[in-house]
Amino acid sequence: MFSSRMEGFFILLLLLFGSAYFQDLYRNANRNQDYSTGTHYLLHPIHSVVQSTRGANVTLPCIMRRRPRSYRVKWSKVNPEDPLENLIIISNGQYHRNYDKLRGRVRMRRSHRLDASLIITNVALEDEGRYKCELVNGLEDQSLTLSLQLEGVVFPYQAKEGRYHFNYIEAYHVCEEQDGRLATYSQLYQAWTDGLDWCNAGWLLEGSVHYPIIVTREPCGGNLPPGIRSYGPKDKLKDRYDAFCFTSALKGNVFLVHGPMNFREASAACRARKAEMAKVGHLYAAWRFLGLDHCDGGWLSDGSVRFPITDPRERCGGLPDPGVRSFGFPNEEERLYGVYCYATT
Ligand SMILES: *[C@@H]1O[C@H](CO)[C@@H](O)[C@H](O)[C@H]1NC(C)=O
């Protein structure tokens with residue numbers, strides 16, 4: 001009787017102290033977990049990739065779980081090739097300063113007191129990439145990163161002078177001249193999954209040289225399975241290839257003026273309509289985003305003649321897939337074609 005009462009007493013003691021001890025352990029574990037995962041103050045987003053298009057306004061979400069007493073939020077662009085931090089905006093909750101590349105096009109959203117999201121207006125091609133939202137409160141800095149991806153189209157570009165004419169610097173500029181930007185590897189990969197099959201190697205933004213193959217054939221890497229063929233890194237000044245350019249949504253409109261005209265007459269025809277001759281990037285963007293479809297070859301500003309097909313048919317280039325078809329660079333005196341004009345409405 002006595003012993004069993006003592007036993008009960010000890011068990012009670014054990015339960016009381018034990019539970020306090022374990023509660024403590026549990027609290028410590030939780031606190032440690034909060035600090036170690038770095039999510040003490042910042043809520044991790046469900047989606048780490050945000051999609052947008054050129055010209056749109058986009059929000060990169062960064063939400064606090066709770067507000068530290070004093071803090072700053074720092075947004076920067078993460079560039080793997082550039083070790084320097086690309087600051088975009090800093091805020092201490094009261095005022096903010098704008099930095100560099102996105103000057104005038106960014107602001108912090110303040111929809112509620114825990115909101116530190118970044119708004120980018122009029123998204124540009126070079127805005128694509130990784131962004132870091134960093135909460136600095138003196139003790140432990142916490143950050144999260146998000147990727148901004150633009151919806152768009154990749155187009156191979158070959159010089160008038162022929163195949164494999166551009167070094168990296170020239171390829172970079174030629175894409176800009178055609179209203180695009182050198183494509184990234186991930187943009188080329190996306191284009192390949194969408195059906196891009198091209199047997200000429202071209203520069204990418206990262207400085208490597210590749211070509212995308214869907215239908216395996218002898219001159220294009222032989223019996224290798226379909227995929228992105230790689231030439232690896234190349235000398236940016238000495239090595240010469242074509243270019244893969246990327247463009248996104250169009251700000252204006254592209255329209256066809258029927259011919260026949262030579263190159264000079266084509267240029268005048270656009271000017272007479274308060275427009276300019278379309279660049280190659282304009283035509284691809286109009287094809288991809290506006291569904292432009294014409295069976296007529298038309299001059300473009302670089303001297304090439306092309307036409308956009310969204311609804312493939314036998315008498316319009318015949319090929320099974322939609323695409324922008326090319327007649328190359330005809331003699332500028334040839335009076336056989338119409339012209340594609342571009343107008344910023
Ligand atoms: C983007 O935001 C700006 C200013 O906040 C506004 O003037 C503009 O119309 C917006 N653009 C689009 C495409 O919604």
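Ser326 touches Val305 and Arg306, leaving aside residues up to four places away in sequence; contact here means heavy atoms within 4.5 Å. The C-alpha atoms of Ser326 and Val305 are 6.0 Å apart, although 21 residues separate the two in sequence. Ser326 belongs to strand E22, residues 323-326. Helices (H or I, at least four residues) and strands (E, at least two) are DSSP runs, numbered from the N terminus. Ser326 counts as partly exposed because its relative accessibility is 44%. Buried means under 20% relative accessible area, exposed over 50%, and partly exposed in between, with a 1.4 Å probe and protein chains only. The side chain of Ser326 also reaches the backbone nitrogen of Gly328 at 2.9 Å. Such a polar contact is a pair of N or O atoms within 3.5 Å; within protein, one must be able to donate a hydrogen and the other to accept it, and residues adjacent in sequence count only if both atoms are side-chain atoms.

The model is predicted: local features need pLDDT of at least 70, side-chain atom pairs count only at pLDDT 80 or more, and totals for chains, interfaces and linings use all residues. Residues are numbered from 1 along each chain as its sequence is written, and side-chain values use heavy atoms, with hydrogens and water left out.

The chain holds 5 helices and 23 strands. Of its 345 residues, 45% count as buried. Among contacts with a separation of 6 or more, 61% join residues 24 or more positions apart. The chain exposes about 19,000 Å², and carbon and sulfur atoms supply 53% of this area. Accessible areas come from the Shrake-Rupley method with a 1.4 Å probe; for residues, only the protein chains shown count as cover.

The largest nonpolar core has 75 residues. A nonpolar core is a set of buried Ala, Val, Leu, Ile, Met, Phe, Trp, Tyr and Cys residues joined through side-chain atoms within 4.5 Å. Leu60, Trp75, Ile120, Tyr131, Val254 and Tyr340 touch the most other members. Helix H5 gives this core its largest share, 6 residues. Another core lies apart from it, with 14 residues, among them Met261, Ala266, Val305 and Val339.

Helix H5 spans residues 280-290 and is largely enclosed by the rest of the structure, because 8 of its 11 residues are buried. Those residues are Val280, Gly281, His282, Leu283, Tyr284, Ala285, Ala286 and Trp287. Gly291 follows H5 and has a positive phi, near 65 degrees.

Ile120 has contacts with Ala56, Asn57, Val58, Leu60, Leu102, Arg105, Val106, Asp127, Tyr131 and Leu148, again leaving aside residues up to four places away in sequence. Asn57 also takes part in the ligand site. Gly55, Asn57, Arg107 and Thr121 surround the ligand; a residue is near a molecule if one of its heavy atoms lies within 4 Å of it. A side-chain N or O atom of Asn57 is 2.3 Å from an oxygen atom of the ligand. On its own the ligand has 360 Å² of accessible area, and the protein covers 30% of this. The shell contains no nonpolar residues, 3 polar and 1 charged. In this scheme Ala, Val, Leu, Ile, Met, Phe, Trp, Tyr, Cys and Pro count as nonpolar, Asp, Glu, Lys and Arg as charged, and the others, Gly among them, as polar.

Arg54 sits in the loop between strand E2 (49-52) and strand E3 (58-60). Arg54 counts as buried because its relative accessibility is 11%. The side chains of Arg54 and Asp179 form a polar contact of 3.0 Å. A polar side-chain atom of Arg54 also lies 2.9 Å from the backbone oxygen of Ala249. Residues touched by Arg54 include Val123, Leu125, Leu150 and Thr247. Asn122 is 68 residues from Arg54 in sequence, yet their C-alpha atoms are 6.8 Å apart.

Several backbone angles deserve mention. Most residues other than glycine have a negative phi, and most peptide bonds are trans. The peptide bond from Gly259 to Pro260 is cis, with omega near 5 degrees. Pro260 belongs to strand E18, residues 253-261. Tyr164 is not a glycine, but its phi is positive, about 55 degrees. Tyr164 lies in the loop between strand E12 (152-157) and helix H2 (168-177), and is partly exposed at 22% relative accessible area. Lys274 likewise has a positive phi, near 55 degrees. Lys274 lies in the loop between helix H4 (263-272) and strand E19 (276-277), and is exposed at 78%.
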